Amino acid sequence: MALGKDYATQECSIARALEVVGERWTLLVIRDALYGVRRYNDFLVHLGIPRAVLANRLQALTAEGILEKRRYQESPPRDEYVLTERGIALWPALRALGIWGREQLGGEPMRTFWHADCGTELSPYGACPACGTLVAVRDVDMRPGPGLDPDPADPVSRALLGPRRLLQPIETEQQGPARRRPA
């Protein structure tokens, strides 16, 4: 029996949020978008997700206003998916879930997150201990952690190996130079 997609009997903001982001793969698509993945094929190869599932998740996230579909090439027509402010607002939840997973399920950090302005590693809640401020996603640098595979097979993982600013579009070997657009 297939599970429903809503929690009609639950009067709870967590249940309402799960109706939007609770399906399998959805949070990983959002995570990748935060890391700078924007193109369908890049999501596909990095996540190893079935095409139909990815298309469904991207369509649903776009319909919910979490992603915005933008044309980056006219001939042939090609689109990219960029996080909206509503999608960016999920950063604290994803960061907390990642920390919980590492602390409760074990493992070394795959990535670490730093305040770009002063170079200080962020606290678990996204604050800069040196500056005493909550750091905006656009001001967060991501660096490889000790648990990250230094020789990944897919081009997206290779593009994510070095330090980089969150939300900045990735550039893979298969793409060549990306046409940069403001986020």
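Predicted model: local features only at pLDDT ≥ 70, side-chain atom pairs only at ≥ 80, totals over all residues.
Student: Okay, helices. At what angle do α2 and α3 pack?
Tutor: About 115°, with the axes 11 Å apart; α2 covers residues 26-35 and α3 covers residues 40-47. Axes here are lines fitted to C-alpha atoms, for helices over the stretch in contact, and angles run from 0 to 180 degrees between N-to-C directions. Helices are DSSP runs of H or I with at least four residues, strands are runs of E with at least two, and both are numbered from the N terminus.

Student: Which residues make that contact?
Tutor: From α2 they are L28, V29, R31, D32 and A33, and from α3 they are F43, H46 and L47. Contact means heavy atoms within 4.5 Å. By class, five of the residues are nonpolar, one is polar and two are charged. For those classes, Ala, Val, Leu, Ile, Met, Phe, Trp, Tyr, Cys and Pro count as nonpolar, Asp, Glu, Lys and Arg as charged, and the others, Gly among them, as polar.

Student: Why is α2 described as largely enclosed?
Tutor: Because seven of its 10 residues are buried. They are T26, V29, I30, D32, A33, L34 and Y35. Buried means under 20% relative accessible area, exposed means over 50%, and partly exposed is in between (1.4 Å probe, protein chains only).

Student: Tell me about T26. What does it touch?
Tutor: Leaving out residues up to four places away in sequence, T26 touches V20, V21, R57 and L61. T26 counts as buried because its relative accessibility is 3%.

Student: And in α3, which residues are buried?
Tutor: D42, F43, L44, H46 and L47. Those buried residues pack against α2, α4 (51-63), β2 and α7 (155-159).

Student: Which residues other than glycine have a positive phi?
Tutor: W25 is one of them, with phi near 85°. W25 sits in the loop between α1 (13-21) and α2. L167 is another, at about 75°, and its place is in the segment after β7. L167 is buried, with a relative accessible area of 6%. As background, most residues other than glycine have a negative phi, and most peptide bonds are trans.

Student: Where is there a cis peptide bond, then?
Tutor: Between S75 and P76, where omega is about -5°. P76 belongs to the loop between β1 and β2.

Student: How do β1 and β2 pair, parallel or antiparallel?
Tutor: Antiparallel, over six bridges, with β1 at residues 67-73 and β2 at residues 78-83. Two strands pair if DSSP finds at least two bridges between them. The two strands form a hairpin with four residues between them, and L67 stands opposite L83 in β2.

Student: What about E80, is it buried or exposed?
Tutor: E80, which is found in strand β2, is buried, with a relative accessible area of 4%. E80 and L67 are 13 residues apart in sequence, and their C-alpha atoms are 9.5 Å apart.

Student: Which strands make up the open sheet?
Tutor: Three strands in the order β3-β6-β7, with antiparallel pairing. The edge strands are β3 (111-115) and β7 (164-165), and each pairs on one side only. Strand β6 (residues 140-144) pairs with β7 over two bridges, and M142 stands opposite R164 in β7.

Student: Last topic: how many disulfides are there?
Tutor: A search of the whole structure finds zero. A disulfide is counted as a pair of cysteine sulfur atoms within 2.5 Å. For C131, the nearest cysteine sulfur is that of C118, 3.7 Å away. C131 counts as partly exposed at 38% relative accessibility, and C12 also counts as partly exposed, at 28%.

Terms used
Residues numbered from 1 in each chain as written. Heavy atoms only, no water.
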